[in-house]
Protein chains: 2
Amino acid sequence: MDITRFMNKFNEIERQLSPTSALRLSFDNISPETEEPPDGNKRLWGVPVPPFVSEKVVSWIEEEFNEAPVFYNGNSVLKKVENVRMIDRYNTKNPTVGTLYLTATHLIFVEPDSNKETWILHMHVASIEKLPLSTTGSPLLIRCKTFLSVTFVIPKDSECHDVYTSLLKLFQPVSINKLYCFNYQPNKDDFPKNAGWDYFKLEAEFKHMLVPNEAWTLCSMNEKYELCDTYPRQIYVPKEATTLMLISSSRFRSKGRLPVLTYLHNNKASICRCSQPLSGFSARCLEDEQMLEAIRKTNSNTDYMYVVDTRPRINAMANRAAGKGYENEAFYENIKFHFLGIENIHVQRASLQKVLEACEQKSPTMSAFINALESSGWLKHIRSILDTSSFIANAVDKGVSVVVHCSDGWDRTAQVCSLAQLMLNPYYRTIKGFQALIEKDWLAFGHKFSERCGHIQTDAREVSPIFTQFLDCTWQLMSQRSEAFEFNERFLLILHDHVHSCQFGTFVGNCEKDRLDLKLAERTFSLWGYMANHLNEYINPLYKPNVDEAIKANLAPQCIKFWRGMYSRFESGIHPREPLGDVLLDSKEHCNSLEDHVQHLTKRIASFKNYISKSAKKLQDATSAPGKVNKELSSNEINDNKYNYDKKLSELSAADDDHPLKASNMSFASLSLSAEQSSPPQALPEEINSVAVDWKPMRNVTTCSCSTPFDQFSKKTHCWRCGDIFCERCIDKNVALPGHDSGKPVPVCRGCFRQMQKQSP
Amino acid sequence: MDITRFMNKFNEIERQLSPTSALRLSFDNISPETEEPPDGNKRLWGVPVPPFVSEKVVSWIEEEFNEAPVFYNGNSVLKKVENVRMIDRYNTKNPTVGTLYLTATHLIFVEPDSNKETWILHMHVASIEKLPLSTTGSPLLIRCKTFLSVTFVIPKDSECHDVYTSLLKLFQPVSINKLYCFNYQPNKDDFPKNAGWDYFKLEAEFKHMLVPNEAWTLCSMNEKYELCDTYPRQIYVPKEATTLMLISSSRFRSKGRLPVLTYLHNNKASICRCSQPLSGFSARCLEDEQMLEAIRKTNSNTDYMYVVDTRPRINAMANRAAGKGYENEAFYENIKFHFLGIENIHVQRASLQKVLEACEQKSPTMSAFINALESSGWLKHIRSILDTSSFIANAVDKGVSVVVHCSDGWDRTAQVCSLAQLMLNPYYRTIKGFQALIEKDWLAFGHKFSERCGHIQTDAREVSPIFTQFLDCTWQLMSQRSEAFEFNERFLLILHDHVHSCQFGTFVGNCEKDRLDLKLAERTFSLWGYMANHLNEYINPLYKPNVDEAIKANLAPQCIKFWRGMYSRFESGIHPREPLGDVLLDSKEHCNSLEDHVQHLTKRIASFKNYISKSAKKLQDATSAPGKVNKELSSNEINDNKYNYDKKLSELSAADDDHPLKASNMSFASLSLSAEQSSPPQALPEEINSVAVDWKPMRNVTTCSCSTPFDQFSKKTHCWRCGDIFCERCIDKNVALPGHDSGKPVPVCRGCFRQMQKQSP
Ligand SMILES: [Zn+2]
Ligand SMILES: [Zn+2]
Ligand SMILES: [Zn+2]
Ligand SMILES: [Zn+2]
């Protein structure tokens, strides 16, 4: 079948089947349980067709493609190649042999012996290289944005060529409208399409900083993106700033990115961000100068403020020839001007390239690796970003406001403004706060994700790991002060991978306006919605919310580390099979479950004691004053009671002694002898069996019961009811267990969920 | 008081007071509780004098020193200096001001504001430097073998000089008999003096490898160290080896270190160790050749074996001029000879020196640090040791025997033989096995600890971090395969520090004979005895005992890391306040406690249920057939029973409803209504209160209740009864809690221990 023709049709069909397409296109769509299609539904290519798809469309597809496509795990396969050898960089000696499937969204390699699968999302492919023919076939080297690097050796050169040309078409679309997010469909139970899109509102974030206030106001002049089309509609500026100042300053700044507020500290010191002024060798703009003075005046602590140009002095000077440049201290009163030395996107891109080359060397010496790492300059750049961020954070912490810019104010400025806030404010070190920070300083204020991450075909010189560096710097801070962060390393890796995957619309486009124009909130899912459903995977168990307000980075060179967890992520044998943090979190959850259960049992014992004491009293009354009892029993009402009472007592004594708690508790409870007994009538054995006391140890658990193999990145989760271990897909229900005192909903596996549904009416 | 005179007298007195000296000389002697001296005992300098010290000695001491010495925390103070400023390498801006105490064993710096104390054991001092006078006083730079580096600025130069000269005398004794271990007294409850000395027997270790057997025999020729005085008395050689072969081979090898067995794998492949042959340019020894052939023949798998010379080829060649050298493949049949490139002790010493200089640079650039680290060659050397060890381990794993030597066979040979065994055999990756490995390949087979660690005044060129590198390589393996090791990083750090502290006799002397001659087992304590009392501090919570037999090191340069935990240990701001592993271990213990408690409560509920069912039956009988009950009550015996029964029932109904379980359970239990009731009659409230359900969170706990401050190296321990957090010193009791089903003794604090003693008769 001709792939181009197929793909065109496929896309057409798919648009018809949206939004709740039953064509399980994507990896994330695969349900671990076989689901029966609704009765009477037609199937197309083995997949049930949802009711809203007309018979006409179905038959039209069937006509068009009388040859039914191959499927792998619910994914329609465009190409299937057998006897492919997979060689990864770290395991060149023992290649594994398996089958390669090319689907519309993934390249999937399946090793039949080990049941292991390697999934590569087309959007994650960074480059594809066809290497010279070898004795065993044609090698195809695929480098990924996730730093996986893998070679497939395909026996027939023609087949290799086929896969190669197909991948070239698939991995980097020309149009933004072809990105994965416009096809992607999560599990239908997972989360609704609108989830996440409304989590963060710029106004709410500023309200959080008590803005607007007497010094800062919301400016409506960018409502239609007239002042600056890469800024958000809501911009916050000094109350003193006049319309003329705002317009003039915007015209005097590169890309119209005038100085606006991004962060207000609790001491009135602020961080404002902008782009470089169009000053050239001597140009000045009085209103821009007034604008900066207005910013300074919002903070009465000091009579000066800093203007931080994140660029090396020489870069800034060079820009003057192009009519751009930097602020002249002679014109701008009351500012202290600082150059800091973060290099530009081209230097950063080349640096990461060298890091990857350092890691890819074939049997290098120790010196060769260290020298290559050093000459890549990567750690120097990371340190330089942290250094600049620390400068800003320290200034603000001491009460001095800072205005930050680089050239266009959307790369280095985004990095250091967000990192300074991360250091200053514990809110940004929470999961929600970190997302809000990205939403504000990267998404709202503009960062060219499409170009920097190479989402679509673009000038290769525009690609640069600016956001990766922001995550790297965050990781450096985390490894120095782990207790200050609510999130863990996996959180950063997931962010990194999904910024590149385009599975979600969140990072598509370069600014707020782009995202509105693309109608992403209606057409795609939000990463924040997805992440909200997986929060337990991102928790740092060492987190202490009440740690110091501001944290400082240790900039000593021996404290800036090479992030193996990111760049050597797929290197086998250096990562623990279960991250310590995951095991700790699991152990803490086990404790919580047991504590809750102990509370419950203790209360149960108290109510038993109470019952015993009452019933003993009754027994005493009965034996010591039988006449009185007999007298009381003469009334009808009490007679009835006695009837029931006796009946229940005989039920009690008939209870199976081997299972002393079985089926008996309902009876005690309905005896209602104890007025204090507050717990509802429930079956004790159910209560006791509902909480797993022993949790299955994580050691040597290599697959979930759904047969998904666990690798170093999988989060293993315990079912709180049976104590068995499952993959994230198999634990998607939270219910309250009768054996817990708190009644808090907790994770249970599907099997347990079903059993509990049977038990409770 | 003249310090030298005092010290001389002090040592004299102390010898008299030993072995259970009441002069609380050492840090480890301080009991967190004030202990009252036995009544009527005399006190000397405020410390109770034990009964066996004669009155005469006491008055003689008092006469001699009419000026009573100052004490700090039970330590007699030789020198006390106030207003000292402490500057550490990483905190040069804010020096702390405090008091410096010089005792016979420690330098103690006390910060009065923060209650923080810095203790420096004299034996840990590596160098003392008096720096040029500054405006605030005389600086004294002290570098420690623990990689702590600290400067004390003492206001008066004369006082600084005094401290300086005293320290010079104290930090590195001339005689081995002046080492700390001969003074050191642990807490008297801690462990007996003989504990640890008999934990490891060479014969037992070899028996573990099924040696002797049909191929290997115990040779008695070294019983009096005649063959080789740096070898153990028991040596294991091939059964085929004749007396002539052993004697001749021993004479043909440097220092008499003939080839003997150190490890036999389960596939018959072995590791033998020796020193270089005295081959010069052409000398040969037929018996030595026969000896190696005899070793080869013990393994029928292959017709060859490896001889590994760990040295670079050029070093081995140079040795030929001095009449030493290496095996000539032309003379030795059936061997494959390999040079591997581990540098000598001088290169390693210089390398570590450069690492420390790299870390001590004042505001270095990233490149300066990375370049300095690279040019130190440290990681290259570590990798080279791992590489050689991997070569040996791989050979043995594949069934090929290996004979290993370097020059004298006690530095590089010790490193690679022990590391190869660590890779090959999971036993050596347990706490006990790792100690056994050190006991065998470092202590029994000889390593010059006195010189290499600079225990005593010695040629500075003999000092070298050979053992530190062994620990570093172990750490590299651990960080690659954490689940394969029973122990954690702290275990390695404790070993490192005590190899240098000489607090225990274990690492004193250079070989088995030295240690026997010094009678260390009688005169000093063993580190193994001490460590046996602190095992819970060394557990790696990720350990999986049933992991793969042999593990392989990943030698890719990006996997060889700089061990910050060792060399940058005292750098603030890069280590988490509580190591993740400790928190995990604690959380797992909490789970264990709760599981045990749940078991207990569940059983309790079962017995309650049983009781209720029986008593309900009784009540039913009583109400439905009162005549029958009355009839039964006519017998005396039953009347008596009834009396008791009624009495107990009224006790029951009189029980306080607010504390429903208080004082009531004794009654149920002694009712003996249920024959199945197996648990002994105990008070339920005591049971329930005996297990802490909530454990105090570790966050923000900065001191133990004994006011010992917790730092990054402290192990915090929970009391299982009250759930509070204590230091290691305060939790020294293990008792079974009534609320646990297992009856397993668990850690409780001293307060809880006392309360439990009061409760139980
Ligand atoms: Zn379950
Ligand atoms: Zn699963
Ligand atoms: Zn306690
Ligand atoms: Zn304590």
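How many residue pairs are in polar contact across the interface of domain 2 of chain A and domain 3 of chain A? Keep that in mind while you select your way there; this is a predicted model.

Start by colouring chain A by its domain assignment: domain 1 covers 71-171, domain 2 covers 266-276 + 298-569, and domain 3 covers 576-605 + 681-760. Now show domains 2 and 3 of chain A together, whose C-alpha centres lie 38 Å apart. Nine residues from domain 2 and 12 residues from domain 3 take part in the contact.

Between them, domain 2 and domain 3 of chain A bury about 830 Å², with 52% of it on carbon and sulfur atoms. On the domain 2 side, select A:Arg490, A:Asn536 and A:Pro541: these lose the most area to domain 3, together 61% of what that side buries.

As for the opening question, two residue pairs are in polar contact here, both at pLDDT 80 or more.

Last stop: the zinc ion (ligand 1). Select A:Cys719, A:Cys722, A:Cys749 and A:Cys752, whose SG atoms are its protein donors at 2.2 to 2.4 Å. Along the sequence, these donor residues are spaced C-x2-C-x26-C-x2-C. Try the angle tool on the site: the four donor atoms subtend 104 to 117 degrees around the zinc ion, so the arrangement is tetrahedral. For reference, the ideal angle for four tetrahedral donors is 109.5 degrees.

How values were computed:
Residues are numbered from 1 along each chain as its sequence is written. Chains are lettered from A and ligands numbered from 1 in the order in which they are written. This is a predicted model: local features need pLDDT of at least 70, side-chain atom pairs count only at pLDDT 80 or more; totals for chains, interfaces and linings use all residues. Side-chain values use heavy atoms; hydrogens and water are left out. Domain bounds come from an automatic or database domain assignment. Contact means heavy atoms within 4.5 Å. Buried area is the accessible area (1.4 Å probe) that two parts lose on being put together, summed over both. A polar contact is a pair of N or O atoms within 3.5 Å; within protein, one must be able to donate a hydrogen and the other to accept it, and residues adjacent in sequence count only if both atoms are side-chain atoms. Donors are N, O and S atoms within 2.8 Å of the metal (3.2 Å for Na, K and Ca); water is not among the atoms, so sites may look incomplete. Four donors count as tetrahedral if all angles lie between 85 and 135 degrees; four count as square planar and six as octahedral if opposite donors are over 155 degrees apart and all others between 65 and 115; anything else is irregular.
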